[in-house]
There are 2 protein chains.
Amino acid sequence: MRVSTVQGFNPRTGQPFGDPIESTVDSEVDRICAAAATAFPAWSNLPAADRAAVLDQVADALDAEADLLLSTADGETALGLPRLTTELKRTTNQLRLFGEVLREGSFVEATIDSPNPDTVPPRPDLRRVLRAIGPVAVFAASNFPFAFSVAGGDTASALAAGCPVVVKAHPGHPATSQETARVVTAALRAAGAPEGVFGIVHGQDAGVRLVQHPAIKGVGFTGSTHGGRALFDLASSRPEPIPFYGELGSVNPTVILPGIAAEQAESVAAGYAQSLTMGVGQFCTNPGLLFAPVSLVDALASAVGGAQGGAMLTERMRDAYRSGTDELAGSGLAELIASGPEPEDQGWAVGARLFRVSLAEFRDNTEKLSEEYFGPSGLVITYTEDELDQLTEVLALLPGSLTGTVHAASGEPELARRVGEALRPRVGRLIYNAWPTGVAVAWGMHHGGPWPSTTNPLHTSVGATAIRRWLAPVTYQSWPDELLPPELRDDNPLGIPRRRDGVLGTH
Amino acid sequence: MRVSTVQGFNPRTGQPFGDPIESTVDSEVDRICAAAATAFPAWSNLPAADRAAVLDQVADALDAEADLLLSTADGETALGLPRLTTELKRTTNQLRLFGEVLREGSFVEATIDSPNPDTVPPRPDLRRVLRAIGPVAVFAASNFPFAFSVAGGDTASALAAGCPVVVKAHPGHPATSQETARVVTAALRAAGAPEGVFGIVHGQDAGVRLVQHPAIKGVGFTGSTHGGRALFDLASSRPEPIPFYGELGSVNPTVILPGIAAEQAESVAAGYAQSLTMGVGQFCTNPGLLFAPVSLVDALASAVGGAQGGAMLTERMRDAYRSGTDELAGSGLAELIASGPEPEDQGWAVGARLFRVSLAEFRDNTEKLSEEYFGPSGLVITYTEDELDQLTEVLALLPGSLTGTVHAASGEPELARRVGEALRPRVGRLIYNAWPTGVAVAWGMHHGGPWPSTTNPLHTSVGATAIRRWLAPVTYQSWPDELLPPELRDDNPLGIPRRRDGVLGTH
């Protein structure tokens with residue numbers, strides 16, 4: 001049966017939060033997509049610095065409405081005001097980072113080759129620049145109601161590129177999505193952005209229609225492997241296939257080396273428990289697999305056993321967490337060694353869980369034991385001092401992850417190097433003596449990795465280079481200077497970094 | 001029935017050329033893929049400058065064996081020694097360009113962010129670099145037996161990136177493919193590249209197995225829309241989907257503005273006929289659709305009617321060209337206005353054909369009339385002086401193409417600008433007062449475009465940035481300097497261009 005409304009809930013009580021929101025009907029999805037297509041030429045032709053100013057105004061407007069946004073999000077997600085305050089700040093900082101990216105200008109990869117009749121084949125005047133691909137769809141995540149949602153990184157990077165955005169709201173926080181969309185829409189209008197440059201839809205059917213709509217030229221997605229794969233298949237099987245950037249699940253292998261386990265058992269265990277259980281474990285970068293010496297097990301079990309649980313984002317997630325970890329506990333494949341206290345169950349609360357398996361047992365069941373249980377559940381894979389070679393072999397068998405982490409003492413750099421090399425081909429970010437949760441927004445960040453952590457390992461959903469997903473090259477050959485876009489004109493009127501005859505500079 | 005051999009033919013006679021070559025059996029495909037996977041760590045970890053030296057040696061070896069390669073290719077393709085000599089030179093220049101790219105070093109996009117505890121979220125030390133994605137498959141094209149084949153641009157860019165390559169040879173020139181593979185394999189071995197870094201397979205089944213092989217992490221393809229789409233669908237529906245870079249068909253709209261048609265009718269018509277018929281029209285950048293003033297029609301018909309035909313590459317192509325253009329002539333949708341002389345038919349010779357339709361008629365049948373007829377066939381879409389607005393509207397309805405071209409007199413820049421803007425979103429390369437055939441190999445070249453000209457409009461198969469298709473980011477967070485790859489070490493030992501704290505330089 002067709003769902004005709006989307007209802008938010010308070011995870012702390014299980015009671016409805018706010019009014020139901022109507023699912024977007026087909027004709028309205030079509031209208032929104034058509035408006036995005038109409039807005040595309042004006043938005044993408046706006047000078048990059050002008051788009052930057054618009055993004056800044058959107059950021060300012062979100063900051064100005066922080067109180068309402070934060071209380072709404074806390075009511076719908078139970079993530080708590082401190083975390084949500086940080087997340088909203090991160091979100092507006094993302095918008096401002098893309099403003100910086102636009103003003104700096106190298107994101108268009110302006111490249112100029114002088115004519116050379118002596119090459120084979122002869123080279124004419126060639127000038128290459130990146131341009132927006134068209135309107136794109138953004139599927140918001142459950143676990144970051146701001147930073148990976150309506151005004152999150154996918155939206156910021158796509159708007160920055162010059163692409164109109166149609167967001168598919170996550171059903172876990174419809175009211176937050178609506179409030180955010182209201183603020184974004186008003187700010188865009190006040191800043192003079194073309195009508196239709198931003199839209200929002202609700203409901204699963206609307207999302208499917210969006211991915212298949214001819215006006216949509218790319219998709220950003222953050223969510224489950226199952227849902228992401230289904231939408232990726234739709235995007236790939238369109239008459240005109242379009243790029244689908246899905247950030248899916250990840251088990252984020254983390255390796256504690258013997259030296260640091262001996263030197264700093266308590267602080268490593270405490271750090272792990274905090275990373276595993278923060279935000280009730282609802283992070284794509286949650287350290288799901290921990291490789292640790294046998295000696296560390298007691299400290300880990302004690303730390304996780306003492307960690308606070310909390311309410312998960314949706315009833316379905318709570319159910320999946322419980323049934324998944326119950327099944328693992330009953331499977332005999334791994335031993336349940338710690339269960340954190342479960343808050344009194346008025347809503348969708350769960351407690352942390354820690355499982356244990358030996359390296360040899362893990363190796364025999366790598367695929368099954370590498371499954372992700374979204375929430376505060378971890379698996380410790382114990383190894384002995386004489387199993388270090390096997391350890392690096394097992395790391396090479398892991399599925400692709402967003403992150404891989406090594407904790408090492410100063411006296412074991414060679415071992416750290418070997419483990420890092422084993423992890424590198426399987427992950428997008430390598431972390432040393434820190435925890436994978438927490439993704440900085442910066443030029444050098446990469447948030448992506450081999451399948452199944454993403455559908456396209458060549459690109460990132462966080463950081464400055466996320467903009468590259470929404471841009472395609474065009475080369476002007478022997479084009480008159482006065483008809484070229486300013487990025488490619490001979491005198492470089494924008495003063496942006498360019499490559500001329502193979503050399504980077506501002507010439 | 002399963003084809004067990006691949007037989008080349010002499011297109012000038014239709015007789016077999018050389019001995020039949022065995023199709024590669026499944027177990028051999030698997031062995032070659034496994035060898036590529038084994039070679040991957042050593043090849044991708046080789047310093048970029050060392051890979052550059054290897055590519056130079058491959059180029060030198062191909063140049064040294066030019067006589068044999070050229071005579072074999074001429075016998076199998078009938079493209080003629082002058083054209084093939086240029087093409088082989090282009091091919092070795094491509095290998096050398098990627099050597100330049102590797103030595104310059106910015107292709108890894110090295111990016112360093114200093115720690116900053118005051119940002120939200122706090123920023124650790126972040127260092128991002130691009131790394132090879134793994135072994136890749138390359139499907140060779142029919143129409144460029146060197147430049148888009150065994151040692152062509154896909155192979156050169158992938159080897160440069162650090163990816164082992166398994167080539168699926170094109171059945172139109174198996175002997176050329178084998179000879180090229182022999183030279184490449186020997187040169188790689190002599191240069192000390194790891195065994196297995198390059199392999200070749202023959203036969204359609206082997207190609208299908210290649211795209212589905214778990215060791216293969218990406219595919220480059222040049223060929224028909226039909227074949228490319230089928231393989232794209234296979235690559236996308238794998239348990240682990242992989243990127244598929246298909247360069248497919250293209251009709252390459254070309255617009256002759258009224259001013260230049262009046263000023264230079266003869267030279268425009270001659271240039272068009274030459275571009276349409278060179279290489280018997282077997283170019284992805286062939287100007288299939290020509291928008292021209294009515295006044296130019298006679299000159300165009302005369303030029304194409306006088307153009308030489310020639311032997312097509314394969315019997316299947318000859319048959320498809322004949323049946324396709326016969327069907328168009330009989331459809332009543334367009335009028336056949338010129339037929340070039342068809343060489344005496346001992347082999348697979350065809351003559352040029354020119355069709356004509358009015359702008360209004362074209363608009364009524366855009367989809368049908370935008371079909372590509374691979375070979376020396378063109379469609380002239382005539383417009384009148386008072387149809388210039390309709391002209392730009394019709395251009396916006398065209399399918400995606402690799403190129404779009406404008407011919408304008410010096411007195412009509414405003415019209416050139418409008419036509420250029422109409423073409424830009426539909427093409428990958430915009431050409432002014434020249435013809436689309438001929439693709440220079442340079443930093444700023446883009447050879448790609450919107451669907452159906454490519455499966456992935458964000459990337460190019462020609463030019464320096466083709467290497468980006470085979471690279472994925474990895475970010476090192478708080479990683480000890482001595483364990484970092486040299487591209488990211490603090491003192492920049494390679495002296496490559498890098499971005500540090502958002503600023504490009506060599507710091």
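Predicted model: local features only at pLDDT ≥ 70, side-chain atom pairs only at ≥ 80, totals over all residues.
Between chain B and chain A, 38 residue pairs are in polar contact, both residues of each pair being at pLDDT 80 or more.

**The contact between the chains**

Sorted by class, the side of chain B that touches chain A comprises 37 nonpolar, 17 polar and 17 charged residues. In total, the contact draws 71 residues from chain B and 72 residues from chain A, and the two chains bury about 6,000 Å² between them, with carbon and sulfur atoms accounting for 63% of that area.

Side chains of opposite charge can pair when their charged atoms come close. Between chain B and chain A the count is 2 salt bridges, and a salt bridge joins the side chains of B:Glu104 and A:Arg499, with an N to O distance of 3.0 Å. Over all chains, the same rule gives a count of 62 salt bridges. A salt bridge within chain A links the side chains of A:Arg31 and A:Glu28, again with 3.0 Å from N to O; both residues belong to helix α1 (residues 26–45) of chain A, where they are 3 residues apart, about one turn of the helix.

**The two domains of chain A**

Chain A is divided into domain 1, made up of the segments 27–105 + 130–248 + 457–471, and domain 2, which covers 254–432. The C-alpha centres of these two domains of chain A lie 32 Å apart, and their contact takes 10 residues from domain 1 and 10 residues from domain 2.

The area buried between domain 1 and domain 2 of chain A is about 840 Å², of which 66% comes from carbon and sulfur atoms. On the domain 1 side, A:Ser142, A:Asn143 and A:Glu247 lose the most area to domain 2, and together they make up 41% of what that side buries. Across this interface of the two domains the rule finds 0 salt bridges, while 1 residue pair is found in polar contact, with both residues at pLDDT 80 or more. The residues of domain 1 that form the side touching domain 2 divide into 3 nonpolar, 4 polar and 3 charged.

**Local backbone features**

Most residues other than glycine have a negative phi, and most peptide bonds are trans.

| Peptide bond | Omega |
|---|---|
| B:Val120 to B:Pro121, cis | near -10 degrees |
| B:Trp451 to B:Pro452, cis | about 5 degrees |

As for their setting, B:Pro121 sits in the loop between β3 and β4 of chain B, whereas B:Pro452 is found in the loop between β18 and β19 of chain B.

Where in chain A does A:Asn433 lie? A:Asn433 is placed in the loop between β18 and β19 (471–477) of chain A, and although this residue is not a glycine, A:Asn433 has a positive phi of about 50 degrees.

Notes. Residues numbered from 1 in each chain as written. Chains lettered and ligands numbered in written order. Heavy atoms only, no water. Domains from an automatic or database assignment. Contact = heavy atoms within 4.5 Å. Buried area = accessible area lost by both parts, 1.4 Å probe. Salt bridge = Lys/Arg side-chain N within 4 Å of Asp/Glu carboxyl O. Polar contact = N/O pair within 3.5 Å; in protein donor to acceptor, adjacent residues only side chain to side chain. Nonpolar A, V, L, I, M, F, W, Y, C, P; charged D, E, K, R; others polar. Helix = DSSP H or I, 4+ residues; strand = E, 2+ residues; numbered from the N terminus.
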